[in-house]
Amino acid sequence: MENNRKWRASWIWAEGPGEDVDVVRFRRVFHVPEDGSHRLKLRVSADSRYRLYANGELVSVGPAKGDQYTHYYDEVDASALLRPGRNVLAAVAVHYGVGRGPLSVWRSPLGAFLLEGDLSDGEGPIGTIDTGAAWSAHRAPRGAFAFAKESFTLFVGGGEQVDGRLLPHGWERPEYDDAAWPAARVVSGTHDRMFGQLTPWQLTARTIPPMRDEEAPFAALVRGRLGGAALSRAAMDGPLEAATVGAGETARFELDAGEFMSGYVRLELTGGAGARVRVLYSECYEEAPGPNGERRKGVRDEPEGKALYGFEDAYAIAGFGTDREPEVYEPLHRRAFRFLALTVEAGETPVVVRRFSIRRTGYPLDVTASFASADASLRPLWDISVNTLRNCMHETYEDTPYYEQMQYELDTRLQALFTYYVSADDRLARKALYDFHSSLLPTGMLQSRYPSVSPQVIPGFALFWIMMVHDHYRFFGDKALVRFYRPTMDAVLGWFEAKRGADGLVGTMPEAYWSFVDWTFAWKDNAGAPPAGRSGPNTIYNLMYAASLEMAAELNASTGRRDTADEYRERAASVREAVRRRCWSAERGLFRDGPEAEQYCQHAQIWAVLSGTVAGDEAARLLRATLADATLAGASFANTYYVFRALAQTGMYAESFQMWDAWREQVALRLTAWVEDPVSVRSDCHAWGAMPLHEFPAELLGVKPREPGFAAVDISPTPGPLAFAEGVVATARGPIRVEWRVAGGEFVLRANGPADTPVVVALPNGETRAFDRMDGPGIEAACPYVGAGAAAHDAS
């Protein structure tokens with residue numbers, strides 16, 4: 001990721017000391033010749049965030065989230081916005097102090113902005129526009145910008161408190177007079193060209209595409225009040241417009257975006273000097289908290305007897321807005337919401353809300369996959385999963401765009417798999433792999449969330465990172481990527497190996513670390529960690545370690561390190577044997593949560609299957625016993641993926657169809673994204689719940705990589721109770737179309753896919769068919785089959 005580019009520009013900032021949250025605006029006027037066509041190419045970055053305008057038009061927001069040793073810059077083509085004569089580049093940059101703002105955004109102790117611009121015509125370069133003392137800078141004065149104390153969310157930074165009366169207006173446009181702005185101060189060069197002393201910003205070109213940003217309509221005004229008049233529900237298909245709030249009056253508009261989304265609000269105002277505006281962001285309507293503070297949500301879009309809860313951005317109106325050039329407020333940081341409450345408190349003069357709009361912003365996920373089946377109740381599960389995934393993809397994968405905006409290994413492994421299956425796009429996943437690799441501690445342990453200025457370690461999550469490398473190899477076959485990460489895999493596996501005791505088990509985790517496994521009710525009082533792990537080995541972590549060793553062995557063998565692969569397989573076998581010897585309860589017929597603990601959970605049994613500690617008929621018996629035993633600590637949405645994998649591995653996947661009731665229940669509650677878990681009832685958008693994006697293509701359609709990178713394909717559908725299913729699966733080699741039907745006692749499958757791709761079809765009666773290719777007219781395979789789907793189809 002090193003970038004050896006030689007920079008001309010210098011890092012700049014405003015003169016003098018700033019606030020804890022320091023907001024600085026920059027301008028640079030330049031002239032373009034009257035004749036000819038011209039191009040302007042820019043490279044831009046900031047510490048901590050920036051918004052860049054060319055002649056008043058927003059052209060870039062960034063930089064992408066990095067860390068101390070990877071500071072991204074963006075490349076922007078602003079040519080289309082050039083005009084003959086006077087032009088301006090303008091930017092607002094914010095620097096977050098210690099513990100301020102979004103904790104997923106890395107920051108140094110210094111605020112800084114960098115831009116390098118090349119102006120050219122048809123014959124070649126004609127000028128440069130680089131940050132330096134020729135730029136003007138304006139620091140927001142004390143009281144103009146601050147964050148409220150964060151309480152409702154966790155790591156996002158709290159709502160903005162902005163006083164428009166203290167800020168310049170129209171500063172992004174060429175005609176603005178910046179004569180009173182002082183010159184910017186040069187903070188630093190880009191690097192020490194002589195002695196290799198590192199600046200705080202090790203520049204690297206952005207590795208992911210710019211975020212997609214598009215206006216979205218409101219679906220409805222739910223309710224509200226304008227002066228003394230109550231506002232009733234009304235359908236909408238656009239922004240809120242032309243609302244006048246009389247002098248001394250208060251208005252409130254509760255607006256439904258139609259579905260959960262992430263992005264920005266934009267408020268355009270005229271009049272109303274000294275008035276105050278608040279925007280509340282909420283996921284749903286809910287009842288007042290219970291006696292112990294518990295959330296009570298119910299049907300998410302039902303307002304009766306409920307209120308909107310959340311955090312607010314607040315803005316004091318300057319009153320400079322006119323019909324031609326309204327006063328504009330837009331928060332600097334991305335928000336998430338399903339519902340918004342806009343409150344306007346007018347002062348001595350009326351306020352006109354000319355336009356209140358929303359823009360959906362996120363990673364440009366292009367979904368090329370599709371799914372349909374005989375069960376109409378599965379369709380919303382697919383659609384809601386796509387919306388959930390979209391909202392949890394930004395400059396990193398995010399656990400929840402509303403509460404944290406953090407990237408965790410457990411969540412990210414699943415999100416990357418979902419992305420592969422619906423788009424075959426691995427760019428954000430590749431960045432995530434590098435992010436977590438960059439979090440490596442000197443001990444060999446990875447941080448559990450990264451980038452983050454608040455370090456955290458969940459030991460088991462480091463193993464999910466190894467599984468992510470394995471997943472990427474299966475789906476894309478990139479051996480160079482595997483080779484690059486082998487040392488980091490060695491370090492993580494070495495950390496766990498060093499913790500093994502005389503009994504062969506990985507022992508108690510360090511007190512400073514959080515041994516989280518799952519948000520399940522049985523472990524609620526121990527923050528999602530099995531209590532057995534407090535005083536001894538954690539069976540789940542041991543089995544995850546064994547599974548990770550096997551995956552790492554495969555990766556090492558595929559890239560030429562066969563001795564290391566053999567060592568890892570031997571370690572895995574040794575750990576499995578120790579778990580069977582020390583953690584198996586013959587009386588219960590289950591694995592204990594720890595060798596000395598009479599505590600049991602689904603997770604230990606699932607990982608016993610997935611790690612190969614039990615196999616064949618023994619694994620199937622264990623899994624049946626696990627699913628039938630209601631006394632076990634159960635797997636929540638975060639770990640359901642591993643339940644599905646264990647069912648598939650034991651040939652019991654047909655047992656999974658009833659599990660979708662947990663998702664259907666959420667549809668009945670009119671959720672438009674999947675919840676985090678049933679324990680905290682916190683987030684209404686958590687991407688680990690988007691399980692249909694993996695299960696429907698991988699198991700119901702049955703498409704999986706037979707060889708790395710889909711060089712060969714397996715198609716092994718599980719019909720279960722369905723009479724038909726069809727869809728498109730995205731792969732690195734191209735889309736694969738699958739359709740199968742059950743009728744008249746016969747199962748018939750047809751498929752078409754990339755040229756020169758061998759495929760093996762596993763039919764539901766156990767037969768297999770091999771084909772050398774699946775392009776052109778495609779392939780067809782059939783077998784006798786009588787199942788629940790066939791019976792339902794014949795009855796109809």
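**Close-up views of a predicted model**

**View A. Arg588 meets the face of Tyr600.** In this predicted model, Arg588 lies over the face of Tyr600, at 4.4 Å from the ring centre.

**View B. Lys499 and the ring of Trp495.** Here is another charge to look at: the charged end of Lys499 sits over the ring of Trp495. The distance to the centre of that ring is 4.3 Å.

**View C. Trp740 and Phe747 form a tilted pair.** Searching the whole structure turns up 48 aromatic pairs. In one of them, the ring centres of Trp740 and Phe747 are 5.5 Å apart. Their planes meet at 35°, which falls between the limits of 30 and 60 degrees, so the pair counts as tilted. Trp740 is buried, with a relative accessible area of 0%, and Phe747 is also buried, at 0% relative accessibility.

**View D. A cluster of aromatic rings.** Follow the ring pairs here and you will find Phe371, Trp382, Phe637, Phe644, Tyr653, Trp660, Trp663 and Phe696 linked into a cluster.

View E. Helix 1 has 13 residues, which at 1.5 Å a residue should span 18 Å. Its end C-alpha atoms are 19 Å apart, in agreement with that expectation. Among the buried residues of this helix are Leu381, Trp382, Ile384, Val386 and Leu389, together with Ser385, Asn387, Thr388 and Asn391.

Key. Residues are numbered from 1 along each chain as its sequence is written. This is a predicted model: local features need pLDDT of at least 70, side-chain atom pairs count only at pLDDT 80 or more; totals for chains, interfaces and linings use all residues. Side-chain values use heavy atoms; hydrogens and water are left out. Helices (H or I, at least four residues) and strands (E, at least two) are DSSP runs, numbered from the N terminus. The expected span of a helix is 1.5 Å times one less than its number of residues. Buried means under 20% relative accessible area, exposed over 50%, partly exposed in between (1.4 Å probe, protein chains only). Rings of Phe, Tyr and Trp (its six-membered ring) pair if their centres lie within 6.5 Å; planes under 30 degrees apart count as stacked, over 60 as edge-to-face and the rest as tilted. A charge sits over a ring if NZ of Lys or CZ of Arg is within 6 Å of the ring centre and within 35 degrees of the ring normal.
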